[in-house]
Structure formats: C-alpha cells, structure tokens
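Q: I have not looked at this one before. Can we walk through it together?

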Amino acid sequence: MLMNQNDLHVTATLIWYYFICQREVWLMGRQITPDQDNSNVEIGRFIQDNSYRREKKEVDLGHLKLDAMKLENGQLVVAEVKKSSRFAESARMQLAYYLKELKGKGVAARGELRFPEEKRKETVVLDEETEAELDRVERDILRIVYLDLPPEPKKVSWCRKCAYAEFCWA
Ligand code: SF4
C-alpha cells in the first residue's frame, strides 16, 4: 500500500521513535492505529512518563511547543525537561530537530536537556555533525515509511508498553 507522498513526512515524534523502534516508525508514519485503538493513550502516557508536564513556561511557535526558553549570553536556550535519561538519544535528537526547525525560521538557539531527578543537564547544539546526523535520520525515516512492509519486529524494552505489541507479537 503506497500512500500519497504528501501524507508521509518526518515529525518530531518519528525522530523520537527512530531511536527506539523502526517498525513503530513505519506504523506511526503511516498513521496505522492498532485494533484496540489505544495508541494515542499509550503514546500520551509514554510522553507523559518521559517528560514533565508542560507548565506556564511552554512556548508555542506554531507546531513547535518548547518547554522553556531563556536568553543566556545573548543566545536563546530552549529546554526540555525529562524524567529520566532512559531514552536520552531520542530526546537529544528530538531537541536537535527543534533547533533545526528554529534555525529554519531564522532563530539560532541551543538546547538544554534537563534530568532533575538525576540532578544533571546536557547541552544540545546544532553543530555540523548533528545537522548531518539529523539529515541522515530524516532520510532514513522516509526510507522506512516508504517500505511496502514494516521492518520485522525486534524485541526492545518499549515493546511491553507499546500499543502495537499485539500486532507484533500475538
Ligand atoms: S511492539 Fe515492539 S517491535 Fe512492535 S512496534 Fe512496538 S516497540 Fe516496535
């Protein structure tokens, strides 16, 4: 089943899942919901489990919603607060994707991932290497979503909570 090309595009959510499960990227990229239709519930729970609830500091830039922003030494800093670093690579690349979107709007910024329960934070910068990696990931996400069939399931820790578990493993 080949979808209309306009239906397939990279999103911040797909960047997040790319580093967790490429089969889920295919399923979500094609907007396939599981039979029990609880994917939104599961995805919502997942995002809530892994991020602090957004507070007043949330900044809405069209489709971009960022947790907090501040100016530091004349540079804009956007922050994402996470409950744990368990999916740090997903969080890092998702934040880098936001920085790239901002750059596309003419705004240079750096990112800050905060893990308050682990008492640490991490800086994310959109350097040449990160931008090249993002370009590669975006191309690979499109390659995956355009596959006729989803990648074979592979057991990952997220499978236990995943809304597609029955589809993959029943
Ligand atoms: S159940 Fe596991 S393999 Fe299947 S989509 Fe979810 S995370 Fe991927």
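A: First a term: buried means under 20% relative accessible area and exposed means over 50%, with partly exposed in between (1.4 Å probe, protein chains only). Helices (H or I, at least four residues) and strands (E, at least two) are DSSP runs, numbered from the N terminus.

Q: Fine. What kind of model is this, and how are residues numbered?
A: This is a predicted model, where local features need pLDDT of at least 70, side-chain atom pairs count only at pLDDT 80 or more, and totals for chains, interfaces and linings use all residues. Residues are numbered from 1 along each chain as its sequence is written, and side-chain values use heavy atoms, with hydrogens and water left out.

Q: How many helices and strands does the chain have?
A: Six helices and six strands. Along the sequence they follow the pattern α-α-α-β-β-β-β-α-β-β-α-α.

Q: And how much of the chain is buried?
A: Of its 170 residues, 43% count as buried.

Q: Take strand S4. Is it mostly covered or mostly open?
A: Mostly covered: S4 spans residues 75-81, and six of its seven residues are buried.

Q: In which sense do S4 and S5 pair?
A: Strands count as paired if DSSP finds at least two bridges between them. S4 and S5 (residues 109-115) pair in the parallel sense, over six bridges. Within S5, Ala109 is the bridge partner of Leu76.

Q: What does the chain pass through between S4 and S5?
A: Helix H4, residues 88-104, and this β-α-β crossover is right-handed. Right-handed here means that, with the strands pointing away from the viewer, the path from the first strand over the helix to the second runs clockwise.

Q: Which sense applies to S5 and S6?
A: Antiparallel, over five bridges. Arg114 stands opposite Lys121 in S6. S5 and S6 form a hairpin with four residues between them.

Q: Where is Gln31, and what is its phi?
A: Gln31 is in the loop between helix H2 (22-29) and helix H3 (39-50). Its phi is near 55 degrees, a positive value in a residue other than glycine. Gln31 is exposed, with a relative accessible area of 56%.

Q: Switching to Leu134: buried or exposed?
A: Buried, with a relative accessible area of 0%. Leu134 lies in helix H5, residues 128-146. Its C-alpha atom and that of Tyr97, 37 residues apart along the chain, are separated by 7.0 Å.

Q: And Leu71, buried or exposed?
A: Exposed, at 64% relative accessible area. Leu71 is in strand S3, residues 68-72.

Q: Now the ligand. Where does it sit?
A: In the largest cavity. On a 1 Å grid over the protein atoms alone, a cavity is a set of points where a 1.4 Å probe fits but cannot get out. A molecule sits in one if more than half of its atoms lie within 2 Å of its grid points.

Q: Which residues are around the ligand?
A: Among them are Cys21, Glu24, Lys154, Trp158, Cys162 and Cys168. A residue is near a molecule if one of its heavy atoms lies within 4 Å of it.

Q: Which helix gives the most to that shell?
A: Helix H6 (residues 165-169), with three residues.

Q: How does the shell split by class?
A: Ten nonpolar, no polar and two charged residues. Ala, Val, Leu, Ile, Met, Phe, Trp, Tyr, Cys and Pro count as nonpolar, Asp, Glu, Lys and Arg as charged, and the others, Gly among them, as polar.

Definitions and conventions. On a 1 Å grid over the protein atoms alone, a cavity is a set of points where a 1.4 Å probe fits but cannot get out, and a pocket is an open set with protein on both sides within 12 Å along at least five of seven lines; lining residues have an atom within 4 Å of a point.
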